[in-house]
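Hi everyone, thanks for coming. Let me put the sequence and the structure up on the screen, and then I'll walk you through a few spots.

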Amino acid sequence: MTTQPVTLIINGKEQNFALSTETPLLYVLRNDCGLNGAKFGCGLGECGACTVLLGDRPIRACTTRIGAVRGRHITTLEGLASGGLDDDRTPHPVQQAFCEVQAAQCGYCLNGMIMATVGLLRSNPHADEKAIRAALRRQLCRCGTHMEILAAVRLARDRMAEETADAGGPARLQTLQSPPAPFHPAPAAGTEAEASAP
Ligand code: FES
């Protein structure tokens, strides 16, 4: 397997690698960058534990080859907080809401839940219940904290909408309302937020 220079922009910082273009993005994030927010779950694109943002779009890092995202902006869980990677950073409103609602049990799925929620609220800031459940439909949780997760998403949505309105938001809202992008690749099997919700 031959190596090639590959540049990625990870959490706003340009980084250069000499790796096979077939290397999974998840391996680069965790092993080369020490960014362990994205988790290895299934490795098959099915569970969502490895979700990161490509631009504003949630993707599966385990099935994304770095050659396919050369030069692109990647955001991981570590890059969400304001203040970047500094110690005194402020959590993103979605992270804050998940903490307040105590949406974690084991917590393994939460990276994916949070990143999928951030992607959703960037594309659809006023996401209704149907849109929320659709966005989280393929993020798997084995513990069964789906009700708390959904409550956290609603809380984050409402707070972010208030903040946007306070900031005088129509122009900002317009920039956020691009069409929601689907996850890839194939549909997942197993316990899903939508399936477990009443
Ligand atoms: Fe990537 Fe499961 S580890 S989807």
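This is a predicted model: local features need pLDDT of at least 70, side-chain atom pairs count only at pLDDT 80 or more; totals for chains, interfaces and linings use all residues.

Okay, let's start with Asn11, in the loop between β1 (4–10) and β2 (13–19). Most residues other than glycine have a negative phi. Asn11 isn't a glycine, yet its phi is positive, about 50 degrees. Is Asn11 buried or exposed? Asn11 counts as buried because 21 other C-beta atoms lie within 10 Å. The cut-offs, with C-beta atoms placed from the backbone, are 20 or more within 10 Å for buried, 12 or fewer for exposed, and partly exposed in between.

Gln102 also isn't a glycine, and its phi is positive, near 55 degrees. Gln102 sits in the loop between α2 and α3, and with 11 other C-beta atoms within 10 Å, it is exposed.

So what about the two helices themselves? Helix α2 (residues 93–100) and helix α3 (residues 110–123) pack at about 135 degrees, with their axes 9 Å apart. The axes are lines fitted to C-alpha atoms over the stretch in contact, and angles run from 0 to 180 degrees between N-to-C directions. That angle makes α2 oblique to α3; under 35 degrees would be roughly parallel, over 145 roughly antiparallel, 65 to 115 roughly perpendicular, and the rest is oblique.

Who meets whom there? Val94, Gln95 and Phe98 in α2 meet Leu110, Ile114, Thr117 and Val118 in α3, where contact means C-beta atoms, placed from the backbone, within 7 Å.

Now the hairpin. β3 (51–54) and β4 (residues 57–60) run antiparallel, joined by four bridges; strands pair if DSSP finds at least two bridges between them. Thr51 has Arg60 in β4 as its bridge partner. Two residues separate the strands, and Gly55 in the turn has a positive phi of about 65 degrees.

Last stop: Leu44, in the loop between α1 (25–32) and β3. Leu44 is exposed, with 12 other C-beta atoms within 10 Å. Leu44 and Cys62 are 18 residues apart in sequence, and their C-alpha atoms are 6.8 Å apart in space.

Methods:
Residues are numbered from 1 along each chain as its sequence is written. Two residues are in contact if their C-beta atoms, placed from the backbone, lie within 7 Å.
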